[in-house]
Amino acid sequence: MEDVQKQAKARKTIKTSKLSEKKKDMISGYLYVAPFFIVFGIIGLYPALFSIVLAFQEWNGLGEMEFVGLSNFAVVLQDPLFWKSLYNTVIIGLMGTAPQLIVGIVLAYFLNLAVIRFTNFFRVTIFMPYITSMVAVALVFGVFFSSNETALANYVIGLFGVDPVSWKTSEWGAKIAIALMVFWRWVGYNTIIYLAGLQSISKDLYEAATIDGANKLEQFIYITIPLLKPFIILTVFMSTVGALQLFAEPTVFLGSSAFSRDEAMTVVMYLYRDAFNLGSFGTASATAVLLLIIIIGAAAINTWLTSGIGSKKKRGV
Amino acid sequence: MKKRKNQSKAGTLPIYLILGFTSLFSLFPFYWMFVMATQPSAAYNSIPPTLLPGGKLVENFQKVLDTIPFFQAMWNTVLLCTVVTVAVLLISSLAGFAFAKFQFPGKNFLFILILLTMVIPPQLGLIPQYYLISQLGWLDTLMGAGILFLLNPLGIFLMRQYISESVPDELMEAAKLDGCSNFRIYWSIVIPIIKPAFATLGIIVFTLVWGEFLWQFTVLRDPSSYTLQVALASLNNAFRVDFGMLLSGVFWATVPLIIIFLIFNKWFISSITEGSVK
Amino acid sequence: MKGKKKFLSVLLLSTALVLAACNGGGDESSGDGKVKLNFWTFGATNYDSLAEEYMKENPDVEINVKTSELGDHHNSLFTSISAGTGAPDLAMIEVDQLDRYREAQERFVNLYDLGADEVKGDYLDWKWNMAESTDGDFLFGLPTDIGPKAMYYNVDVFEEANLPTEPEKVKEMISSPDQFADAAKTVLDETGKPMVDSMEMAYRANMDALEKSYFNEKDELIIGKEGNEVKDAYDYAVSLYEKGYVGNYEMWTPEWATALNKGDFAVEMAPAWLKGYMTENAPEGKGNWRVSTLPSEFAGNWGGSYVAIPAETEHSEEAYKFAKWLVSPENQLKSFEESGLFPSAPSVYEMDEFVNNEDEYFGGQNTAATFAEAAKEIPAVYKGPKYVTVNDEVLTALRNVQEGADPEKEWKDAVKRIEGLVKR
């Protein structure tokens, strides 16, 4: 009898402690995400709401705000420059961002190989572009891609028999130069994120696979990539957002003519011009809202696409 | 055994070539920055471009020191970057841990809400953010300059991924059975495991804050509270730029960051070789 | 329980950090009875050393001078004026940016209320007028420097073209836009070099001299109207281009700097501040350039600023006192000598140091006197708040023309784009 009672008591205790454990987890959950949301509440919420409200107003920054309903959106959507800037942003994004992710994985894989020496040195150098100040980057790329025949970029393409290009002012020249700048600056950043991801994969898996007779390439495809997938999704997502919000690289590259030319104007540059050069904060905010919608859409698509990686391969494993 | 060694050595040569080329490609602008820091201003515009260092290393830097409170700004920057990095690491890992390992209602909604923080371009949010910081009395303070960087969704995403992949559920179960509270688990188990992620996120945030200009420039008005990028900006006078001086300032402002990167890098490596709890 | 304690201690630690961060800022009020003034400047000025001098003579005043780049400075100023908080006690405002704030007059202190009337006579009329409201009752700022345009010409190129090289003779030779075009022809025929470095300069030749260009004082767009002089300026630039007198060197690019060094174009129409740039960045050109006055049709101003006092200040009188001292003729002379800021107080032009000024870079010529002469012919100009962006559209049109587009079509397209922009 006592045993049964003891067992019943034990079961009860287990049950009750499990319940409160779930509750405990819930409380912990909320508690631990709280700091982030507190910060957001302080510094993130107000500007976000302000911008959304502003999209429906006409405001020059100094005077009174005037409610204008959807007309800001109409103005922006009917402006050919808006669409041009969107086109520019997407093209530069594809050229500059997509390669950076692929190269990043490859580089991270190389750096992670046990046989490679001097990894520290390579790690530092590959990360250097991210550390180098934008001022310096702009100056260097500005000189490298200047319109002169003796500019280094023109010299290089001259070796392939191509005529000198006026980089800062040509339709494709500007985009290529900026895409290269973006690639250069961010490839190291993505590499070290992938490196961190690679670290989280247990070496045991590779050993087991080698014993099973899989070669390096097969291991890469069937172990590394699928397990790296969350990090790939992460970087794809961040890069998509970053590419659509591109502002710094074109602005510093083009310098004083950044807001007067349309070859390399990005969407954020377009809205910046509206706000600070034209005194039209309403249309700028409307553009920001439109961009938000585009970003959510693009990020969703990209994330869905990248989650497709590895699911086919799972069959192989 | 000998065969294997030779094979792997031959296979590694192309890899070294690729890595080497990438390094050159990455280092070149930094090298050029150094060259310009040692040349007089006119060298910037020279056609064809100057590629070898000159002799003005000390002279240019002296000009920098004469014009801006360089070391004061550097101290401010180090302080700001350190505080922000520590804060971000804590906030992100806590939240990442919660998202990875706990169930609670509204979890997915909150996760998506985080995405919204990324969405307002900083250039547009500037005025309301500035207004807010000013009203809170945080102009010219570390808090005012730093708080914006705490809103770093990358941190949460990264931590969540890393934790869900490298902290086994069984480990947590075992700890709980031993009577550990959630916080104890976080502090004594999770944190040691995610050190490489800490090192990665840490250097990203540190670099980000070190190099950021717009917000710090807007919030910091008093020269004694300047950070490096803000101080360097006063070297850039549109019509009379002394490129040698400017690039010297930029160069020396970057060097400490490289040193710090090396430290983070060591931390990254040592935490890997320590191995995980496995 | 242990877990909770640890969590609390972490929370306490972070709160401590936060508090430390909060206190790490500057004091707002001066506990020691000093008046603290924040002064925002841009570009290369000697205002920080002048501020120090002022502080020595006025120990109860503390002045914090913050210097930044032109664009950053104005954006920051705009941000604080817009948010209505955190603005400095004194700020430099560049002449092109002034019109942005006209609508928000009430956010600045009316300097007439502080007695600015008494110094009005010390400064050039046109410069003073530009800082007044249209009805003349409100003064935004005190004049600092001006940018009177003159003609920098390359001696070697003129010599090669068998043109006179003495400043006086050059002035005689080129005293109208037509004569300018004639000289350009000679230069092209004899040396093969373009007269002017870029389309922008050819356009600005006339543009900078227009009293009303894109907007009238009510901010109505007048560019499309009949007889608008902007079109004339545009046509003039196009005609110079079509005859081959215009080069392809965009200002501030390395190619342009090299061209300056080597004398690849004959003439640069720019104000005194270009001197500083040339001395620093075009050392090989030393001795090869001189300065002459422009024909009066081209007499214009490019650059220059004012010192304004945002209404937020708690020390308007102290601020005004300092501003008045800062731009007094004696101090304008100092600013000229130390930073090349061209004075806006005509009395300075008579001062010894000014009259005896010799410029080594320009072969010993007293360039200051030339600029002073130019300064007197400049008209007061109204630009309007959207000036810069509208100007960009015209410049785009000109660039397209240089690349072979049809001038009339480009003009019409530009006007259309401008009309769309202005509606925002």
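How far apart do the end C-alpha atoms of residues 176-196 of chain A lie, and what is the helix content of the span? In this predicted model, those end atoms are 30 Å apart, and the span is 100% helix and 0% strand.

**Annotated spans**

The span belongs to a set that UniProt, in an unreviewed entry, labels "transmembrane region": residues 30-56, 90-115, 127-145, 176-196, 227-248 and 281-305 of chain A. For chain B, the unreviewed UniProt entry gives the label "transmembrane region" to residues 12-34, 73-97, 109-131, 143-163, 184-210 and 243-264. The table sets out computed values for several of these spans.

| Span | Distance between end C-alpha atoms | Helix and strand |
|---|---|---|
| Chain A, residues 176-196 | 30 Å | 100% helix, 0% strand |
| Chain A, residues 281-305 | 35 Å | 100% helix, 0% strand |
| Chain B, residues 73-97 | 35 Å | 100% helix, 0% strand |
| Chain B, residues 143-163 | 29 Å | 71% helix, 0% strand |

**Interface of chain B and chain C**

Chain B places 36 residues in contact with 46 residues of chain C. About 3,600 Å² is buried between chain B and chain C, with carbon and sulfur atoms giving 64% of that area. The interface of chain B and chain C has 4 residue pairs in polar contact, both residues being at pLDDT 80 or more. The count of salt bridges between chain B and chain C is 1, and the side chains of B:D222 and C:K36 form a salt bridge at 3.8 Å, N to O.

On the side of chain B that touches chain C, at least two residues come from each of α5 (122-135), α6 (142-146), α9 (182-193) and α11 (214-219). The largest share, 5 residues, is supplied by α5(B). By class, this side of chain B comprises 22 nonpolar, 9 polar and 5 charged residues.

Technical notes. Residues are numbered from 1 along each chain as its sequence is written. Chains are lettered from A and ligands numbered from 1 in the order in which they are written. This is a predicted model: local features need pLDDT of at least 70, side-chain atom pairs count only at pLDDT 80 or more; totals for chains, interfaces and linings use all residues. Side-chain values use heavy atoms; hydrogens and water are left out. UniProt positions are given in the numbering used here, feature names are shortened, and annotations may be inferred rather than shown by experiment. Helices (H or I, at least four residues) and strands (E, at least two) are DSSP runs, numbered from the N terminus. Contact means heavy atoms within 4.5 Å. Buried area is the accessible area (1.4 Å probe) that two parts lose on being put together, summed over both. A salt bridge is a side-chain nitrogen of Lys or Arg within 4 Å of a carboxyl oxygen of Asp or Glu. A polar contact is a pair of N or O atoms within 3.5 Å; within protein, one must be able to donate a hydrogen and the other to accept it, and residues adjacent in sequence count only if both atoms are side-chain atoms. Ala, Val, Leu, Ile, Met, Phe, Trp, Tyr, Cys and Pro count as nonpolar, Asp, Glu, Lys and Arg as charged, and the others, Gly among them, as polar.
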